[in-house]
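Work through the exercises below with the coordinates open. Try each task before reading its solution.

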4 protein chains.
Amino acid sequence: MDSLDDLNTRLIRFARERDWEQFHSPKNLSMALAGEVGELLEHFQWLTEAQSRDLTPEKKEQVALELADCLIYLIRLAERLGVDPIAAAYRKIAINEGRYPVERVRGDARRAGEYGD
Amino acid sequence: MDSLDDLNTRLIRFARERDWEQFHSPKNLSMALAGEVGELLEHFQWLTEAQSRDLTPEKKEQVALELADCLIYLIRLAERLGVDPIAAAYRKIAINEGRYPVERVRGDARRAGEYGD
Amino acid sequence: MDSLDDLNTRLIRFARERDWEQFHSPKNLSMALAGEVGELLEHFQWLTEAQSRDLTPEKKEQVALELADCLIYLIRLAERLGVDPIAAAYRKIAINEGRYPVERVRGDARRAGEYGD
Amino acid sequence: MDSLDDLNTRLIRFARERDWEQFHSPKNLSMALAGEVGELLEHFQWLTEAQSRDLTPEKKEQVALELADCLIYLIRLAERLGVDPIAAAYRKIAINEGRYPVERVRGDARRAGEYGD
């Protein structure tokens, strides 16, 4: 994967050329991100977990483009807020290492991937 | 912003140490991403657009950590699918440049930031 | 508004006629509900709050049909879980009356409508 | 299930007593609905479909209260827009009966429950 900085710069230019920064409030961008995530879910909602791991190339490209939309709005939102999402991700991982020490949560479905919260 | 590759590697290690890859099907990860985006929305739902542009430092850090959760699950999902989200984002931008030429959509609220769809 | 019971009965029949109950696990239905809510958000994401209060009749009907999709999956989910969503709503309101007494939260934007949580 | 009309009336009173109608624009309420749906997803994201069909009584009540929050915001949104969500649901079902005739989609996972779209 490439650097997010170049993508961020490209997206700022895309918005400014179209005079769209006026619509890109954090509130609006959070909604746009949620809308795209909804489209992503629609690809998986009737699949089993096993099917979701084994997409056809056509379906995988469709999903990749939805994921791209999510990343695009996430980067726009971070830029408008003035936060660095990768630095924030490392801060969050450090918090979660304290919350979920390896020896305590190993293979625990209830915690299965709780980077978040 | 730093490279996504290092973050991706860090997240794979975090999941493997806890034996959580078994739960990280694309279906499940898309749900986890949507759950985190829901938490992000809750920060903005009763704010005006102007207020959402002018968060206190404490609030901004809370939002940054929610954004981090979104990015983390997005990266996990891309890794499990075997897609490069940044490359996909550039493919999507190229598609949108064709759809929304500058001269046709300038300042048009109806299109305001339709990278997606 | 009519009773939800008749709608529920109609939706059960719709699913059974098509042999779709097999796909209607609570997990899957929660995803379908989230997908529809994402489509609802897309109608409002670039509108101001004032514009969202003043839709054209055509737009209002489009939004009404998205809202219908949300209600349909919500009812399907409640039915599959064996819960009565209206009774649950009254339980939740009682909880929130304790949490947000009128004299303490009147006109408070931070709480603005926190039926939920 | 009881009538939605009484619930609607109860929710209007709840909002007016707290002077919260000012915050209840359709835009804001759609976000609040999405936030609650995100909380609902979090209950199911690491469960298998089978586990989601077989919740403990405690877990079922937690899910019922999340579902209640979703219904509450859905009703508030419908009320603010001036649309009847049950009537809209029947209009949508009629549309879907045309789209997905029984003989063509029986047991078809790709369509599995596409009331929506």
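**Interfaces of chain C, and the domains of chain A**

This is a predicted model.

**Exercise 1.** Find how many residue pairs are in polar contact across the interface of chain C and chain A, then describe the side of chain C that touches chain A.

Solution. 
- Step 1. Run the polar-contact rule. Two residue pairs turn up between chain C and chain A, both at pLDDT 80 or more.
- Step 2. Locate the chain C side. Helix H2 (residues 26-44) of chain C gives the largest share of the side touching chain A, twelve residues.
- Step 3. Sort that side by class. Nine residues are nonpolar, five are polar and three are charged.
- Step 4. Look for salt bridges. Between chain C and chain A there are zero.

**Exercise 2.** Determine how much area chain C and chain A bury between them, and which residues of chain C lose the most.

Solution. 
- Step 1. Compute the buried area. For chain C and chain A it comes to about 1,500 Å².
- Step 2. C:Met31, C:Gln45 and C:Trp46 lose the most. Together they make up 40% of what the chain C side buries.
- Step 3. Count the residues in contact. Chain C contributes 17 residues and chain A contributes 17 residues.

**Exercise 3.** Characterise the interface of chain C and chain D by contacts, area and salt bridges.

Solution. 
- Step 1. Count contacts. Here 87 residues of chain C meet 87 residues of chain D.
- Step 2. Compute the buried area. The value is about 7,900 Å², with 66% from carbon and sulfur atoms.
- Step 3. Apply the salt-bridge cut-off, nitrogen to carboxyl oxygen within 4 Å. Six salt bridges pass between chain C and chain D.
- Step 4. Check one pair. The side chains of D:Glu61 and C:Arg91 form a salt bridge at 2.8 Å, N to O.
- Step 5. Count polar contacts. Chain C and chain D have 32 residue pairs, both residues at pLDDT 80 or more.
- Step 6. Assign the chain C side to helices. Several supply at least two residues each, among them helix H1 (4-17) and helix H5 (85-99) of chain C. H4(C) gives the largest share, 17 residues.
- Step 7. Sort by class. The chain C side touching chain D holds 46 nonpolar, 14 polar and 27 charged residues.

**Exercise 4.** State how chain A is divided into domains, and how far apart their C-alpha centres lie.

Solution. 
- Step 1. Read the bounds. Domain 1 of chain A spans 4-83, and domain 2 spans 85-117.
- Step 2. Take the C-alpha centres of the two domains of chain A. They lie 24 Å apart.

Terms used: Residues numbered from 1 in each chain as written. Chains lettered and ligands numbered in written order. Predicted model: local features only at pLDDT ≥ 70, side-chain atom pairs only at ≥ 80, totals over all residues. Heavy atoms only, no water. Contact = heavy atoms within 4.5 Å. Buried area = accessible area lost by both parts, 1.4 Å probe. Polar contact = N/O pair within 3.5 Å; in protein donor to acceptor, adjacent residues only side chain to side chain. Helix = DSSP H or I, 4+ residues; strand = E, 2+ residues; numbered from the N terminus. Nonpolar A, V, L, I, M, F, W, Y, C, P; charged D, E, K, R; others polar. Domains from an automatic or database assignment.
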